[in-house]
Amino acid sequence: MELDLTDLQLLAQLQVDASLSNQALAERVHTSPPTCLRRVKRLHDAGLIERQVAILNPQRMAEVIGHGLTAIVEITLDRQDTGALEKFEARVADDFSVQQCYRVSPGPDFCLVVHAKDMPDYQAITQRLFTSDANVRNVKAFFSVKRSKFGAELPLR
């Protein structure tokens, strides 16, 4: 699939604000609303747009439900064969507490971003995901004290 300048502009706009109406999006990329709608559908159908989500403000949410804990967790497995890696990856991907999972190299096998309500909740997550899996050799967690940047935009240049 080839992307032209309009496609790239659409993707850039949607990365910043996917809640824009088709009319507003068309105006921003200087195209007609029917053309805009057709192109966005094509980008979805091609799998370039995976999904659209709302990004919650953690400070405002903390006022309502409490701060919670964000941990960046390094996981090293005992066995790194394809089956073992895929099994662990599937296990953490199915868990709601795991926000992000990266298979990395060199160093640990995985880096996870995990969100927990509090320390007892984090302990329950570690028991569920890491301790009960005999293939997990090492877990190293880093707890976030401040989030200074968060984004999901991919560079389009």
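**Sheet, loops and a helix**

Biologist: Which residue in S3 stands opposite Val 98?

Modeller: Val 114 in S3 does. Strands (E, at least two residues) and helices (H or I, at least four) are DSSP runs numbered from the N terminus. Just so you know, this is a predicted model: local features need pLDDT of at least 70, side-chain atom pairs count only at pLDDT 80 or more, and totals for chains, interfaces and linings use all residues. Residues are numbered from 1 along each chain as its sequence is written, and side-chain values use heavy atoms, with hydrogens and water left out.

Biologist: Thanks! How many bridges pair S2 and S3?

Modeller: Five, in the antiparallel sense, with S3 covering residues 110-116. Two strands pair if DSSP finds at least two bridges between them.

Biologist: And what is the strand order in the sheet?

Modeller: S2-S3-S1-S4, an open sheet of four strands with antiparallel pairing. S2 (98-103) and S4 (136-143) are the edge strands, each pairing on one side only. From one strand to the next, the twist averages 20 degrees.

Biologist: Which helix packs on the sheet?

Modeller: H5 (residues 82-93), touching S1 (69-77), S2, S3 and S4; contact means heavy atoms within 4.5 Å. The direction of H5 makes about 165 degrees with that of S2. Axes are lines fitted to C-alpha atoms, for helices over the stretch in contact, and angles run from 0 to 180 degrees between N-to-C directions.

Biologist: Changing topic: where is the cis peptide bond?

Modeller: Between Ser 105 and Pro 106, with omega about -5 degrees. Pro 106 sits in the loop between S2 and S3.

Biologist: What about His 30, buried or exposed?

Modeller: His 30 is exposed, at 72% relative accessible area. Buried means under 20%, exposed over 50% and partly exposed in between (1.4 Å probe, protein chains only). The residue lies in the loop between H2 (22-28) and H3 (33-45), and its phi is positive, near 60 degrees. Most residues other than glycine have a negative phi.

Biologist: On to H3, then. Which of its residues are buried?

Modeller: Cys 36, Arg 39, Val 40 and Leu 43. They share one side of H3 because they cover an arc of only 100 degrees around the axis, the arc being that of the directions from the helix axis to the C-beta atoms.

Biologist: What do they pack against?

Modeller: H1 (5-16) and H2. On the other side of H3, Pro 34, Leu 37, Arg 38 and Asp 45 are exposed.
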